[in-house]
Amino acid sequence: MFAASRRAFIWVGALLTILVIASIAPGNYTPGHSGAAIAAPGVQGDDHFGVAWISAPGTVAGEQRTRQAVDLGIRWDRFPFYWNQMQSVLDAPIDFSQMDRVVDHDLANGIQVQGILLGAPQWAIVGGKIAYDRWYQFVYQTVLHYGDKVNYWEIWNEPDLLDGNGQGVFWWGSIEDYYELLKTGYRAVKAANPNDKVLMAAIAFPYNNQEFFPRFLDVLSRDATAAANNYYFDILPLHLYGRVSTVYDLPIGYVGKPDFPGFRGLMRGRGFEKPIWVNEAGVAVWNTGSGKNAPGRATLDEQASYVIQAFAYGLASGVEKIFVFQLYDDGAGALDPNTKLPAEYYGLISNDGEPRPAYTAYQTAARYFSGTKLATRVNYWRDGNPSVKGVDVITLYGTPYGKITLTWNYDGGATKQVRVLSNSPRAILMDKAGRQQPVTARDGAYVLDARPATNNNNFNCYTPAGCDPNDYIIGGDPTILIEPDATVPPSVVNPLPSGVNAPFTVAWRPTKALPGGARYDVQFMDPEDGVWRNWLVSTTDTSGTFGTSATPVRLNHTYVFRSRVTDASGRLIDGYDYPQNGMASTVVLGGSASIGATPPSPTPTSSTPSSPTPTVTPSPSPTPTVTPPTPTPEAAVDAKIQIVWPQGNKPVTEATRVNIGGYVFLQDTLAAVNPNWAKEVKLWRALNNGVEEQVTVGQKRTVSKGALSYPVWDFNDVDVSQARDPLNKYYFRLSVAGTRSFGNIWSHGADARTYFPKTDVPSGITSGVPAAVDAKIEIVWPQGNLPVDKAVKANVGVYIFEKGTLKSVPTGFSPVVRLWRALNNDAMREIAVGKKETKTEKGITYPVWVFNDVDVSAARDKLSKYYFYVTVDGVTSSSNIWSHGVDARTYFPTPEEPRTVSGR
């Protein structure tokens, strides 16, 4: 970075309010700490952690700085060796004296040095270009001089970074010129010490010159000598500032921001791959000194969160080293153009020697993350909206303290909760400052709060697009759970991009030497239903293509993967089964993905014994046919209730009337319809187990927020008087006239918990097919008679009556009967078509429609609930609403504000 201001780059990130993840399978628990506070020894750190730089360039750190650096757990110091300062006069001997003092001081305190070679003196520049023979001699003599003291050399700094006029900040030449500089420097380093490693100049990619590295690779690929010479570098370093998720995303790649194959992908495309270091990472603090609240900057507390998250992302993405910029503020970076005062304070410690919260966060990471043998990352709650980045769950295996689970919310809004299943009854809960408290599992799980993100100082604020208030650059306050489990999975699914186009490649690998004949099993899960399904069983392959016709996927859905490995006899290696929290995930943002109904998929895993499946009829029924996915019609919309407001702010037990507000979005998006959209929006209401009835038509009004103007529909003075009785509850839903629409369900009641109404018994049979019917869900039966908090599947039974009566339709009536389902505040989606059977009761034989194996797994969590209703093809039909949940009381979801407005 070197005091150059960070430049603008438009970078935007790509489900359920409760998420269930889990630890390793039972039987793999390794004794360790038992929930007592973990001792906090002096921070040793490991080879993963460093800073750039401990003291200002060319200066020896004083006693206080040195002590603070050692106490921090720093194992690396990165700083420049300026050629123009070490050899300012032509043909003068290189003066190593000052740099010797810096190097020797670091080494004496157990800190390794990563040097940067740069800064040509004027006498070495001929015709605007560096004299490469002179450069060779400087590099060769410097590397030879330091011998085994310094073994990692970076050739220049940020050659891709441009200033506001499009000129290079550190490198003024062409890409071809830089390649020649690197090539010459590489040869000089290897000639002086063949075992030393060469880092090409760190890339400052996320700012204003994204084409530098691909064009550099074009130049390199045209050199016939490159492959035989290790492509003239050993390590690719990156400089990542402000947006902490780049530490994960840039090495691996992503789609939709716009698409980027990742630095590993770019190298693999040229037939080679190098280790990646992040040897500058940081965020400037604005609430100190003359700092300014500006894009890419943070509060002191957010800077501390950044440090924890950057180290965790680096471990999860396989980055070899990560260095924070910088120990002290020193020059304090760029100047404010208005005040001319320093404006960028990156230090973990202020210039007056006062450690910031980020210093303590670094200590926490260096102490507890050191020794990590394996790291995995799973992301949840993404929905395809580029501003929604969800909740990250990163698991560190094999640390000296056990298994560490970190989680944070990368979005604003409400706190989300992550439920970590575990077979260890006690653990340690820790914050980013290292403060600990023992926690006890309840029902075999720990619930972690993923508090909302607060920093939306995104770099769009530098552009005409302006700041996106929903685009956060640092996740919320991280939560750290330490469990006494020292085991490491013998196989792991490789990290996946945050978002992909389908189909996509999933790869896995062993984490230890395996016996001959070893085979892998790989499973996947869509968190919407929470069911693990077999993908590949007993395979020797180490990669596969997912999202093909054999494994269809849905747009904007997340898929989580996990693996296990067996020996030739089919026994689990080390007895280690699947880690139930998964190992890698991605959200499908495009490509060959379906929209709408759940596509057919491989059968759920049978690794857990299942109970016999009861049905709602006397005889067993096969699984119903699921409607094949079809493209969503262009005009389809989601009509969603956003608020039910009792008039006078009265409690439900006193209110007789409410006002209701709703938005209309294009289906599966947060794109509001245009203010000129003139469709009629209707409000429907059902009381208890009764069928829906239309209440009123909404009054449209236009609201403006920021740059957006969109319509809202108001339904005022809606009667809710019967909900004053705690035994009653209303269900509300919206529909749109003349448009294929899907509504959410809003439950309104004083005590709206799940209840099981008495099954209706037909009073007779209609003589013919009625023109209008009531389709009533009569039973939702958890399979195995399990309680709601244990059941994964349920069977649903539906009766159809003549409208307003209990007269059943005749047995010859054979329409298509469709079951619809919504989870929490989601819009309803069709999930199955019923199978007709007959039933005889009290001398009356009548038809029943059965939907078996309906997923209800998310309802195992008491903060989640499903809503079901039914439609009947060919006749006018009304349905009741069935609520299914452990504790399905009324809740108030966060309003889903439009992100954009449709042109239609």
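**View 1. Aspartate 234, at 10% relative accessibility, counts as buried.** In this predicted model, its salt-bridge partner is lysine 190, with the closest N and O atoms 3.0 Å apart. Lysine 190 belongs to helix α5 (residues 175-192), while aspartate 234 is in the loop between α6 (212-221) and β9 (236-241), so the pair ties together parts that are 44 residues apart in sequence.

**View 2. Here lysine 321 and aspartate 47 form a salt bridge.** Their closest N and O atoms are 2.5 Å apart. Strand β13 (residues 321-324) holds lysine 321 and the loop between β1 (18-22) and β2 (49-51) holds aspartate 47, so this contact ties together parts 274 residues apart in sequence. Lysine 321 counts as buried at 10% relative accessibility, whereas aspartate 47, at 31%, is partly exposed.

**View 3. Glutamate 273 and arginine 264 meet through their side chains in a salt bridge (3.6 Å, N to O).** Glutamate 273 is partly exposed at 38% relative accessibility, and arginine 264 is buried at 13%.

**View 4. Now for a tilted ring pair, tyrosine 368 and tyrosine 401.** The ring centres are 4.6 Å apart and the planes sit at 50°, so the pair counts as tilted. It links distant parts of the chain, with tyrosine 368 in helix α10 (residues 357-368) and tyrosine 401 in the loop between β15 (391-399) and β16 (402-409), 33 residues apart. Both tyrosine 368 and tyrosine 401 are buried.

**View 5. Two arginines each put a charged end over a ring.** For arginine 377 the ring is that of tyrosine 248, with its centre 4.2 Å away. Arginine 829 sits over phenylalanine 742, 4.9 Å from the ring centre.

Definitions and conventions:
Residues are numbered from 1 along each chain as its sequence is written. This is a predicted model: local features need pLDDT of at least 70, side-chain atom pairs count only at pLDDT 80 or more; totals for chains, interfaces and linings use all residues. Side-chain values use heavy atoms; hydrogens and water are left out. Rings of Phe, Tyr and Trp (its six-membered ring) pair if their centres lie within 6.5 Å; planes under 30 degrees apart count as stacked, over 60 as edge-to-face and the rest as tilted. Helices (H or I, at least four residues) and strands (E, at least two) are DSSP runs, numbered from the N terminus. Buried means under 20% relative accessible area, exposed over 50%, partly exposed in between (1.4 Å probe, protein chains only). A charge sits over a ring if NZ of Lys or CZ of Arg is within 6 Å of the ring centre and within 35 degrees of the ring normal. A salt bridge is a side-chain nitrogen of Lys or Arg within 4 Å of a carboxyl oxygen of Asp or Glu.
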